[in-house]
Amino acid sequence: MLESFNNNVENEKKETIENILRAYERNYGLTVESTECTAGSKMGDNYMSVVKRIKIIGTIANGSDEDSVFNRTLIVKRQIASISRRQLFRCDEAFENEIAAYCHLIPVFRKHYPHQVPYPLCFFAGKDSDGEVVILEDLCESGYKMVNRMKGLDYDHCRIVVQELAKLHSISLIMKKERPIQFKEALDSVKEIVYCPEAFDFYKASLDSSLREALSSLSAHNVEGELNEPIAKLAKLKGETFKIMSEQILHNTDEFSVVCSGDLWINNLMFRYKGCEVEGVKFIDLQTVRYTSPVIDILHFLFSSTDKQLRVDRLDQLLSDYVSELTHCICASDLPDTDIKNYSKLYTVTNIKRQYMDKVMYGLGIAMWLLPAVTFHPEHIPDLDVMTLNDFKDSKVEKAVTQMHTTEYHTRMKDVALEFYQNGHLDHLDHLDQVKSN
């Protein structure tokens with residue numbers, strides 16, 4: 001029943017919750033007895049929107065003596081109430097981008113490559129009488145659930161994520177060859193909202209603030225002096241983090257660029273299990289979807305959602321898992337043999353690892369930026385509604401946030417700094433001294 005309803009709703013461009021209920025009534029004789037609205041996410045799990053779960057209870061006439069019980073839920077995502085917070089964090093632009101993705105990008109992907117789209121079904125994305133809204137299927141009804149964001153994901157969870165990521169990325173590669181005009185039209189519907197001139201003031205200040213937080217944490221936990229060198233090298237990033245991350249996002253060849261999820265971290269993942277074994281994952285956010293190197297998604301995911309030991313032990317295997325799934329999707333497509341061979345030569349483990357190393361500083365920036373949010377205690381979340389741009393620039397934000405840092409934050413930030421130092425990644429920063437002196 002739900003599958004046929006999904007098809008009906010996807011053809012409607014002006015649906016609201018009330019319209020959806022009427023569609024049920026029209027097609028299935030639904031009588032709504034009650035609706036119940038509850039929180040759709042826990043404290044600390046969502047920062048850029050308000051997520052609610054709408055439970056609908058009723059009956060459906062089935063032509064027999066007893067009507068069928070109807071019990072469904074929908075996820076409703078709306079703008080936060082604070083206008084100042086929306087303006088500061090560019091929530092309006094993020095919401096607009098997500099609506100565009102659900103209206104123009106994902107439908108095209110799902111139409112031609114339905115088994116490679118890892119996002120929930122969208123019943124409506126647009127505006128109603130209360131403003132911007134996105135209405136999605138409730139993945140909990142299909143057995144998906146979020147995991148503890150405080151704990152880094154293990155290999156089995158990561159393998160499932162990178163395989164689904166490969167499926168998503170393969171759509172761009174296949175579609176660029178099979179349907180180039182449609183691909184370009186779909187791609188043009190979304191835009192970069194973080195690493196762009198309009199966002200420079202806020203996100204530069206935010207990244208600079210995150211670096212100061214990280215350096216403060218490292219200095220406070222430099223008990224035996226083992227962090228002296230990492231701290232000295234990281235300090236060279238002052239004022240440069242936004243520029244470095246922008247270059248890694250924006251400077252790519254078209255042949256090595258795909259539509260990326262954009263914000264792939266543990267809060268934007270829901271897993272399904274068979275017994276104790278993880279068997280599936282869905283991605284649940286499209287606000288920063290972008291066109292860039294596929295390793296940006298991989299770096300974003302690994303440095304926000306795993307610990308150092310997992311990366312040390314399993315990085316090579318995860319990159320191999322990713323390439324294997326990507327190659328499988330391309331080989332299973334209808335592309336000509338010439339295109340398949342060209343992609344197979346381009347998307348090798350060696351080339352993916354080279355890209356990963358070339359752009360690894362993006363992972364450092366993401367770790368500094370997101371680890372506070374990942375590790376905040378749910379009862380000690382900073383009040384984002386009262387923050388201003390000047391608060392980020394004059395260190396007021398990190399002074400407040402530093403008091404909320406948990407042991408998990410300090411441990412993981414220390415691990416990241418040592419990992420980058422021991423792998424020689426921080427040596428890339430040595431040239432910044434020369435640049436600044438000039």
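The structure holds 0 disulfides, where a disulfide is a pair of cysteine sulfur atoms within 2.5 Å. Cys 331 is in no disulfide, and the nearest cysteine sulfur, that of Cys 329, is 9.5 Å away. This is a predicted model, in which local features need pLDDT of at least 70, side-chain atom pairs count only at pLDDT 80 or more, and totals for chains, interfaces and linings use all residues. Residues are numbered from 1 along each chain as its sequence is written, and side-chain values use heavy atoms, with hydrogens and water left out.

Is Cys 158 buried or exposed? Cys 158 is buried, with a relative accessible area of 0%. Buried means under 20% relative accessible area, exposed means over 50%, and partly exposed lies in between (1.4 Å probe, protein chains only). Cys 331 counts as partly exposed, because its relative accessibility is 44%.

Now take the whole chain. Its secondary structure comes to 18 helices and 10 strands. These are DSSP runs, numbered from the N terminus: helices are H or I with at least four residues, and strands are E with at least two. The chain has 438 residues, and buried residues make up 55% of them. The chain exposes about 19,800 Å². Carbon and sulfur atoms supply 49% of that area. Accessible areas come from the Shrake-Rupley method with a 1.4 Å probe; for residues, only the protein chains shown count as cover.

Contacts tell another part of the story. A contact means heavy atoms within 4.5 Å. Consider the contacts in the chain with a separation of 6 or more: residues 24 or more positions apart account for 78% of them.

Next, follow the strands. Strand 1 (residues 30–39) and strand 2 (residues 50–60) run antiparallel, joined by 9 bridges. Two strands pair if DSSP finds at least two bridges between them. Glu 36 has Lys 55 in strand 2 as its bridge partner. Strand 2 is also joined to strand 3 (residues 68–78), by 11 bridges, and these two run antiparallel. Here Val 51 stands opposite Lys 77 in strand 3.

Strand 6 (residues 144–145) is joined to strand 8 (residues 269–274) by 2 bridges. Tyr 144 has Arg 272 in strand 8 as its bridge partner. On the way to strand 9 (residues 277–283), strand 8 makes 6 bridges. Arg 272 stands opposite Gly 280 in strand 9, and Met 270 has Lys 282 as its bridge partner. Strand 8 and strand 9 form a hairpin with 2 residues between the strands. In this hairpin, Gly 275 takes a positive phi near 70 degrees.

Turn to the helices. Helix 4 covers residues 91–112, which makes 22 residues. At 1.5 Å a residue it should span 32 Å, and its end C-alpha atoms are 30 Å apart, which agrees. The expected span is 1.5 Å times one less than the number of residues. Where is helix 4 kinked? The kink is centred on Ala 101 and is about 40 degrees. The bend at a residue is the angle between axes fitted to the seven residues ending there and the seven starting there.

Phe 200 lies in helix 7 (residues 200–220). It is partly exposed, at 34% relative accessible area. Phe 200 and Phe 242 are 42 residues apart in sequence, yet 8.0 Å apart in space, C-alpha to C-alpha. Leaving aside neighbours within four places in sequence, Phe 200 is in contact with Ala 205 and Phe 242.

Asn 351 is found in helix 13 (residues 349–358). It counts as buried, at 18% relative accessibility. Beyond its neighbours within four places in sequence, Asn 351 is in contact with Phe 256, Lys 345 and Leu 346.

His 405 sits in the loop between helix 16 (396–402) and helix 17 (407–422). At 11% relative accessibility, His 405 counts as buried. Its C-alpha atom is 6.4 Å from that of Phe 376, a residue 29 places away along the chain. Leaving aside neighbours within four places in sequence, His 405 is in contact with Glu 213, Pro 372, Phe 376 and His 410.
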